[in-house]
Amino acid sequence: MTNFSQLSKYALSLPEATEEPHFEKRSYRVKKKIFATVSEQEAFFVVKLTQMQQSVFCKWDESACHPVPNKWGLQGWTRVYFEKVDEDFLKDIVKTSYSNVAPKKLVELINT
């Protein structure tokens with residue numbers, strides 16, 4: 001089981017990641033591109049995946065992870081429930097999302 005503080009700590013440990021407001025939520029960004037959003041009051045966070053990545057992560061456990069229920073979900077935005085995932089899963093899915101939006105030189109830093 002994971003929580004907001006683990007997400008925030010890990011997201012901000014990624015190269016050049018920042019935390020900024022996004023409507024009533026917090027967003028985690030790299031070079032102004034969002035890779036995760038979360039509200040402390042919610043039991044879930046949202047990440048940006050490709051459709052293939054979304055399919056793979058969601059097959060693991062649809063009660064833990066599923067496409068956002070609207071057009072955003074069709075674009076890869078995926079909801080992940082804190083209580084259903086462990087820290088390794090959280091790190092893996094956040095790193096994947098970050099890698100999808102970050103410049104290649106930053107992605108290389110986390111993959112070496």
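Colleague: Which residue in β3 stands opposite Val30?

Modeller: This is a predicted model, in which local features need pLDDT of at least 70 and side-chain atom pairs count only at pLDDT 80 or more, while totals for chains, interfaces and linings use all residues. Residues are numbered from 1 along each chain as its sequence is written, and side-chain values use heavy atoms, with hydrogens and water left out. Strands β2 (residues 25–30) and β3 (residues 33–38) run antiparallel and are joined by five bridges; strands are DSSP runs of E with at least two residues, helices are runs of H or I with at least four, and both are numbered from the N terminus. In β3, the residue opposite Val30 is Lys33.

Colleague: What is the average twist from one strand to the next?

Modeller: The open sheet has six strands in the order β1-β2-β3-β4-β6-β5 with antiparallel pairing, where two strands pair if DSSP finds at least two bridges between them. Its edges are β1 (17–22) and β5 (65–67), each of which pairs on one side only. From one strand to the next, the twist averages 25°.

Colleague: What angle does the direction of α2 make with that of β5?

Modeller: Axes are lines fitted to C-alpha atoms, for helices over the stretch in contact, and angles between N-to-C directions run from 0 to 180 degrees. Helix α1 (residues 4–13) packs on the sheet by touching β1, β2, β3 and β4 (44–48), its direction making about 25° with that of β2; contact here means heavy atoms within 4.5 Å. Helix α2 (residues 51–60) also packs on the sheet, touching β5 and β6 (77–81), and its direction makes with that of β5 an angle of about 140°.

Colleague: Is α2 roughly parallel or roughly antiparallel to α4?

Modeller: The axes of α2 and helix α4 (residues 87–101) come within 12 Å and cross at roughly 170°. Angles under 35 degrees count as roughly parallel, over 145 as roughly antiparallel, 65 to 115 as roughly perpendicular and the rest as oblique. The crossing therefore makes α2, relative to α4, roughly antiparallel.
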